[in-house]
Every structure is written in C-alpha cells, then in structure tokens.
Amino acid sequence: MLKGKAFNTRLLHAAADRDPFTGAVSIPIYQVSTFHQDPDKPGDYDYSRSGNPTRKALEDLIAQLEGGVRGFAFASGMAATSSVLMLFQPGDHLVVSEDLYGGSFRVLTTVFDRWGLKISFVDSSDSEAVEKAITPSTKALFIETPSNPLLKISDLRELVKIAQRHNLITIADNTFLTPYLCRPLELGVDIVIHSATKFLNGHSDVLAGLVVAKDQEFADKIGFLQNALGGVLGPQDSWLLIRGLKTLGIRLDRQSANAQIMANWFQTQPWVEKVYYPGLESHPGRQVLSEIASGFGAIVSFKVKEPEILDKLVRNLTLPAVAVSLGAVESILTHPVTMSHAAMAPAQRDKLGISNNLLRLSVGLEDTFDLIDDFLKAIK
Amino acid sequence: MKINTTLAQIGNRRDATGAISFPVYYSATFSHPALGESTGFDYSRSGNPTRQVLEQAIAQLEGGIAGFAFSSGMAAITTLLAMFKSGDHLIVTEDLYGGTYRLLSDVFSNYGIEVSYVDTSNVDSVREVIRPCTKAILCETPTNPLLRVADIRKLSELAKTRNILCIVDNTFMTPILQRPLELGADIVIHSATKFIGGHNDVVSGLVVVNNEQLAEKIGYLQNAMGAVLGPQDCWLLIRSLKTLGLRITAQETNAKVLAHWLTTQPLVKKVYYPGLLEHLGHNVQKSQAEGFGGMIAFELESLELVPKVLRRVKTISFAESLGGVESLITYPWTQTHADLPIETRERLGVNDCLLRLSVGIEYVQDLIDDLAQAIGGEDDAQG
C-alpha cells in the first residue's frame with residue numbers, strides 16, 4: 001500500500017496507523033507486560049519484552065523507513081549498540097570509525113574488551129586505511145558517518161564493497177542523518193543503528209535506540225538478543241517516538257537549512273578558527289555526502305580562536321542549551337571534551353583533533369536571526 | 001519508620017512545587033549552568049530525576065546503598081553479568097527462570113563465562129563446585145517454579161569466606177517479605193515487572209547493592225550499556241510501590257488458602273508452596289523471610305488435564321508473568337522454562353503436568369471456584 005509513496009507520507013502512514021478495534025488513528029499505548037494465551041493457537045504476543053504492539057508499530061515503521069526487513073527498539077542508543085555488539089564472539093575483530101561517539105568508544109574499550117572483542121579504530125573516511133586494518137579475524141566494519149563531532153564523511157558505498165570483498169558485515173550508525181536524508185541499507189550496509197533520542201524523536205524527551213536489519217538472518221539474531229538481553233523500549237516511549245517521527249521530514253528540512261545558514265555565518269566571524277559542516281564548499285566530504293545523502297544534516301562544529309570566547313558563549317548564550325545530546329527542536333551547544341567525548345581517552349581525543357576549543361552546535365528550529373543575534377550578544 | 005509508611009511516602013517532599021506525586025521528567029538532557037558545572041543531571045541515561053526517586057526508594061527498601069533501574073529484569077541481569085570477564089565462573093541455581101538460563105547458556109557462554117548449575121537449597125552442593133576462578137553465586141529463592149528455598153545466610157557466609165559475591169534474585173519475595181542484603185548477600189536483583197510493578201503493566205528490572213565499590217561498577221555499566229528504564233515506567237513503579245505492602249499481604253493470604261485447598265484435590269498430585277508445613281524449605285523460609293509469598297506450583301494427575309485447565313479457567317488468565325493483582329496461570333513446560341534442557345526440567349520436577357499459579361487479589365472463593373470448575377468440571381462443548 002505504501003510502496004512508491006513519498007517519505008513524508010510514509011512517516012505518517014507506515015506505523016499501524018489504525019487501531020484495528022476502534023479505528024483510532026494514533027496507535028494505543030499498550031502499557032501491559034503480558035497477554036492472555038489461547039492454549040490451542042498461540043497469538044502474536046505473549047510477553048512485552050518479547051513483543052509489544054506499540055513497540056511493534058514503531059519497529060515496523062523504522063524498518064519501512066530504512067528499507068530493512070525488521071526493526072528493533074531499545075531503551076537507549078547504547079542499549080541498541082550493546083545488543084548489536086553481542087553478535088560477536090571473543091577473538092572477533094572490528095574495524096571502527098575512530099572519531100565516534102564517546103559512549104560507543106567507552107562500551108567497546110571497557111566492556112566488550114573484557115570478553116575478548118578486538119577493535120581497530122581508523123579514520124573511516126579513508127577507505128584504504130579501513131581495508132588495511134582488516135585482519136583474518138575481522139568480522140565487521142562499524143561506521144559512524146558523518147562522524148561525531150568532526151563530521152568526517154565515510155563513503156559507505158566503498159566501505160560496503162571492501163566489506164563484501166572480505167566477507168564482513170557493515171554496521172552503520174545513521175543517527176546524524178536519519179533515513180530521511182540517507183538510507184545506508186540501500187547502499188549495501190547490513191545493519192543500521194540509531195540513537196533515536198536525537199533527530200528521530202527530536203524533542204529532547206525520549207531516550208531510545210533503534211536497529212534495522214537488512215536481511216532475515218541478522219533480523220533473527222538481533223531479535224533473539226533483544227529478547228534475551230532485555231534492553232527494550234517501553235510502550236510510552238515507543239508511542240512518543242512514533243509521534244516524533246511524524247514530523248521528522250519537516251523538522252530536518254528546517255534544521256538543515258538553519259544549520260547551513262549558521263555554518264556560513266560562523267565562517268564569516270573573526271573569532272571562529274574553523275567550521276566543520278559537510279554542506280560547506282570547503283568540506284572535504286561534501287561531494288561524497290551529496291552522492292549518498294539528500295542533505296547535510298543539522299550538526300555544525302566549530303573551533304574558537306580564544307579560550308575567553310568559549311567561556312563567553314557557554315555563559316552568555318540564552319537560546320541554545322549548553323548540554324549533551326543533539327537533534328532536538330531546541331538548539332543544543334555541546335563542549336565535546338567535557339561532555340559527549342569525556343568518555344574518550346585524552347590521547348585519542350588529541351589525535352583526532354577534538355580539542356578544548358571545539359564546540360558542537362545542534363541547530364534547532366529557532367529562527368536563525370535570533371540564533372545569530374544570541375551568538376553576537378554572547379561574545380560581546 | 002514502618003515499611004508501609006516508607007512506601008506511601010516515596011517521592012513526597014522531593015519536588016520544588018510541593019507536588020505529592022513526583023513529576024515524570026521526560027527530558028533526555030539537562031542544561032549545564034556553565035562548563036564543568038552540573039545540576040547533578042546531564043543526560044537521562046546517566047541519571048534522571050524520576051528514575052532517581054525510584055532507585056533511591058528500592059535501595060532504602062532493600063537496605064542497600066544504591067539502586068539501579070533497568071528496562072527489564074533481563075536487562076538488569078545482563079548488566080550485572082557484564083561485571084564478569086572471560087574465564088570467570090559462576091554458580092547458579094539450577095531451577096531458575098528460563099530467560100536467565102538462556103542468557104547464560106546462549107549469550108554469556110560465548111564470552112567464556114562458565115556456569116555450574118546446582119541445587120542452591122543445598123549449601124554443600126554449592127561448596128563442592130567452587131573453583132579458584134569462581135566469582136559469584138547467583139541464586140533465586142524461592143525458586144521459579146518449584147519454590148525451593150535457599151538459605152541466604154549460609155550461602156552469604158560461604159561466599160564471604162571464599163571471597164565471592166552472593167547475588168540473590170528477590171523477585172518472588174520483594175523487600176516486604178525478605179531482605180537478602182540484611183542476611184549477608186551483596187547484590188539483590190528484581191524482575192520488577194512482577195510483584196513490585198504488580199499490575200501486569202510495566203516491564204522493568206531493579207538492582208540494589210550493599211557497598212560503594214559495587215555501586216560504582218553497576219552504575220558505570222548501567223550508563224555504558226544503556227538499558228535504563230524510561231521515566232514513565234519509573235513513575236508507574238513508584239506508584240506501584242505505594243501499595244506493595246497491601247498487595248503482598250492480600251496475595252499471600254489468598255495463596256495460603258489456595259495452597260491448602262489444592263492439597264485436598266484428588267486430581268492434584270503435588271502442591272509446592274513454602275507456606276505448607278510439609279514443604280522442604282518451610283523452616284528455612286520462616287527463619288529468613290516474613291512470609292511465604294503469592295506463588296504456588298502444582299502438579300496435575302495427568303497430562304490430559306493440562307489443556308483442559310488452561311482452556312477452562314475464566315477468572316484466572318493463562319499468561320506468562322506473575323506477581324500482578326490479577327491471578328495468572330502459567331505452563332512452565334512450554335512457557336517460562338521452555339529454554340531449560342528437557343533432562344534438567346525432568347530431573348527437577350518441572351514436568352509436563354506442572355502448572356504455576358500467581359495468586360492475585362481477587363476474592364479467594366472466586367479463585368477456588370474457578371480452579372474447581374477448571375480442574376474437576378465436566379468438559380464443555382469445545383472442551
């Protein structure tokens with residue numbers, strides 16, 4: 001029924017958009033842990049950890065949007081990542097984007113390392129470097145693109161080719177772009193992960209993670225792990241996320257447009273040392289991203305020249321919240337060294353260029369005149 | 001302060017507005033006053049005000065120093081198991097919840113975590129399997145579904161002398177009836193979906209620890225692995241806790257009556273309930289808990305009776321899970337314990353004639369009438 005329909009239409013109508021019993025156009029919140037069983041014929045649901053109708057509507061929706069066979073909802077992006085990482089065995093080796101989210105770095109280096117998972121962190125925007133890092137025990141590429149916080153662009157098409165040559169699976173974190181702008185499964189990636197706390201939900205009010213598998217084999221394995229490990233998303237949060245997704249397209253259109261304006265403006269400012277935004281002509285990943293995605297997203301990072309500027313911005317800005325997280329309707333300014341990437345080893349941060357003068361701005365829906373005005377007043 | 005007072009007051013006098021019911025904080029993230037300064041909350045995965053009220057409440061109720069809330073009982077156990085590394089050995093109750101067995105045998109075994117399954121109601125059999133690399137005893141008491149009782153004091157003592165952790169799954173008792181940390185255990189875990197949630201409407205897990213070092217480890221893993229409980233579900237659990245004392249009392253009262261009634265039924269071969277004098281663990285249970293709980297298992301005389309009973313119960317629901325105000329009947333053979341190997345199930349007595357009854361707060365005669373017609377009544381047309 002939805003085949004061939006535009007993305008913005010599918011956002012509204014792909015998720016069990018009608019309750020079969022009442023016709024309600026918003027799926028009910030099934031706040032229930034267990035379900036009556038018919039001893040003669042098992043029904044679709046028996047226990048909410050294994051399956052819940054509200055969560056299922058969300059899972060079907062994200063699978064539809066990403067173009068996979070099945071979706072999975074988790075209690076947080078990290079619960080999603082942790083569950084997917086459980087696919088691997090001791091001794092397995094993964095090649096991972098080096099400037100990835102600090103929380104993913106932490107779980108890889110302090111939890112999964114104890115179980116014998118081996119990791120090489122490489123600059124995944126350099127496909128050759130990725131291929132060089134592959135060893136006989138490598139099982140997967142784990143790619144974040146655009147990367148966090150420096151917005152380096154990896155060419156998923158090339159990485160998928162490399163992975164297929166070496167019989168590896170490719171996992172992509174699509175948090176920054178969402179399926180509205182980029183659909184990694186269509187480029188050959190096997191598993192997509194989201195911190196749905198960010199753009200997918202978009203309102204700074206739900207902590208959630210989503211996973212989509214391209215084929216049945218991984219869907220079965222991840223489904224087993226989701227149920228066995230139990231890091232599932234609750235029904236109320238599932239419902240809020242479905243609600244958040246309804247406006248994903250229009251939010252991202254505006255947020256990306258605002259981000260382009262802010263990035264352009266930052267470039268003109270004497271107190272700014274460098275601006276990182278894939279939509280800028282000067283960005284080295286711009287061409288690749290424009291080939292694999294239909295937009296550049298709403299995250300802009302920039303380095304300031306003087307430490308006093310950093311201090312002034314953090315103290316005086318009145319519109320962007322100084323906080324972790326991103327992707328919300330409200331603009332959020334993050335200091336990666338002390339916030340999102342505090343969990344990353346200092347040596348690793350230095351190596352990547354995540355320096356103390358770096359700030360990350362998640363551009364919201366505020367009018368950009370107000371945002372620019374706020375920045376100008378803050379640095380005075 | 002008596003426990004019912006503590007329960008009723010959870011979350012009160014905590015909010016700046018004076019709200020008696022603590023608010024649901026949906027916020028995923030929190031503004032920082034300045035760089036390097038924090039309100040105490042940064043990001044809801046690391047800490048959320050509503051979750052904090054719940055976590056502090058369960059810590060207080062269990063007599064521990066810190067509590068942690070997870071998106072399910074299995075997420076709680078998964079996070080706890082992440083404390084261990086390849087080569088570590090655990091001693092685990094043999095007739096434990098099938099989901100925990102599955103997690104250990106199908107997931108953590110891949111990571112080189114070794115497990116011995118023993119009868120934890122027998123301390124000697126636990127002692128015998130301790131190895132140099134043993135890191136913890138993980139026990140359920142009373143067990144699921146056979147309600148065998150482990151002596152928490154003795155197990156904790158043994159664990160201490162051998163420098164290993166004693167972890168107790170307190171799901172069946174709740175801190176109303178049993179507080180394992182006071183008996184010497186190090187960590188308590190709950191599927192809070194069950195008696196603590198108590199309304200068959202929230203999937204959740206809780207962990208409580210008795211020292212700073214463990215609090216730090218579990219807190220780290222909760223944040224790093226991220227299987228935290230959402231704010232709405234935390235709020236529902238806070239709400240549930242307020243009536244926990246009343247519910248447990250009512251459920252236990254009903255369970256005692258039903259257990260005795262079941263022992264008089266000719267088509268019931270065996271009844272497992274720790275409150276029965278002839279139950280093997282009765283005395284240990286009396287010495288370490290303030291009651292016997294609301295769970296009963298019973299074996300029917302013949303396999304043919306099983307589908308008949310499951311089809312005919314009208315008030316009692318045939319469904320997985322337990323601990324709610326609504327009575328549920330479960331068939332462990334194909335439901336909760338389907339993941340245990342058949343040999344293990346048969347050896348333990350989790351056979352194909354066994355049913356598990358989670359007793360709710362309905363009027364007890366209605367439950368008796370329902371079971372009586374389901375077990376003994378004439379088959380109806382569809383029967």
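Two residues are in contact if their C-beta atoms, placed from the backbone, lie within 7 Å. The legends below describe a predicted model.

Figure 1. Helix H8(B) lies across S1, S6 and S7 of chain B, and its angle to S1(B) is about 20°.

**Figure 2. The open sheet of chain B.** Seven strands make up an open sheet in chain B, and their order is S1-S7-S6-S5-S4-S2-S3. The pairing in this sheet is mixed. Strand S1 (66–70) and strand S3 (114–118) of chain B are at the edges; each has a single partner strand, so one side of each has no neighbour in the sheet. From one strand to the next, the twist averages 20°. In general, strands of a sheet pair through backbone hydrogen bonds, either parallel or antiparallel.

**Figure 3. Strand S4 of chain B and its partners.** Strand S2 (residues 89–93) and strand S4 (residues 134–140) of chain B run parallel and are joined by four bridges. B:His89 has B:Thr134 as its bridge partner in S4(B), and B:Leu90 stands opposite B:Ala136 in that strand. S4(B) also pairs with S5(B), in the parallel sense, over five bridges. Here the bridge partner of B:Ile137 is B:Cys166 in S5(B). Between S4(B) and S5(B) the chain passes through helix H6 (residues 152–161) of chain B, in a β-α-β crossover that is right-handed. Why is S4(B) described as largely enclosed by the rest of the structure? Six of its seven residues are buried, so the rest of the structure largely encloses S4(B).

**Figure 4. The open sheet of chain A.** The seven strands of this open sheet in chain A follow the order S1-S7-S6-S5-S4-S2-S3, with mixed pairing. At the edges stand strand S1 (70–74) and strand S3 (118–122) of chain A, each with a single partner strand, so one side of each is left without a neighbour in the sheet. The twist averages 20° from one strand to the next. Strand S2 (residues 93–97) and strand S4 (residues 138–144) of chain A run parallel, joined by four bridges. A:Leu94 stands opposite A:Ala140 in S4(A).

**Figure 5. Two helices on the sheet of chain A.** Helix H2 (residues 53–66) of chain A lies across S1, strand S6 (191–195) and strand S7 (209–213) of chain A. Helix H2(A) runs at about 125° to S1(A). Helix H8 (residues 216–229) of chain A also lies across S1, S6 and S7 of chain A, but runs at about 20° to S1(A).

**Figure 6. The contact between chain B and chain A.** In this view, 53 residues of chain B are in contact with 51 residues of chain A. On the side of chain B that touches chain A, the elements that give two or more residues include helix H3 (73–81), helix H8 (212–225) and strand S10 (317–318) of chain B. This side of chain B has 24 nonpolar, 20 polar and nine charged residues.

Definitions and conventions. Residues are numbered from 1 along each chain as its sequence is written. Chains are lettered from A and ligands numbered from 1 in the order in which they are written. This is a predicted model: local features need pLDDT of at least 70, side-chain atom pairs count only at pLDDT 80 or more; totals for chains, interfaces and linings use all residues. Ala, Val, Leu, Ile, Met, Phe, Trp, Tyr, Cys and Pro count as nonpolar, Asp, Glu, Lys and Arg as charged, and the others, Gly among them, as polar. Two strands pair if DSSP finds at least two bridges between them. Axes are lines fitted to C-alpha atoms, for helices over the stretch in contact, and angles run from 0 to 180 degrees between N-to-C directions. A residue is buried if 20 or more other C-beta atoms lie within 10 Å of its own, exposed if 12 or fewer, and partly exposed in between; C-beta atoms are placed from the backbone. A crossover is right-handed if, with the strands pointing away from the viewer, the path from the first strand over the helix to the second runs clockwise.
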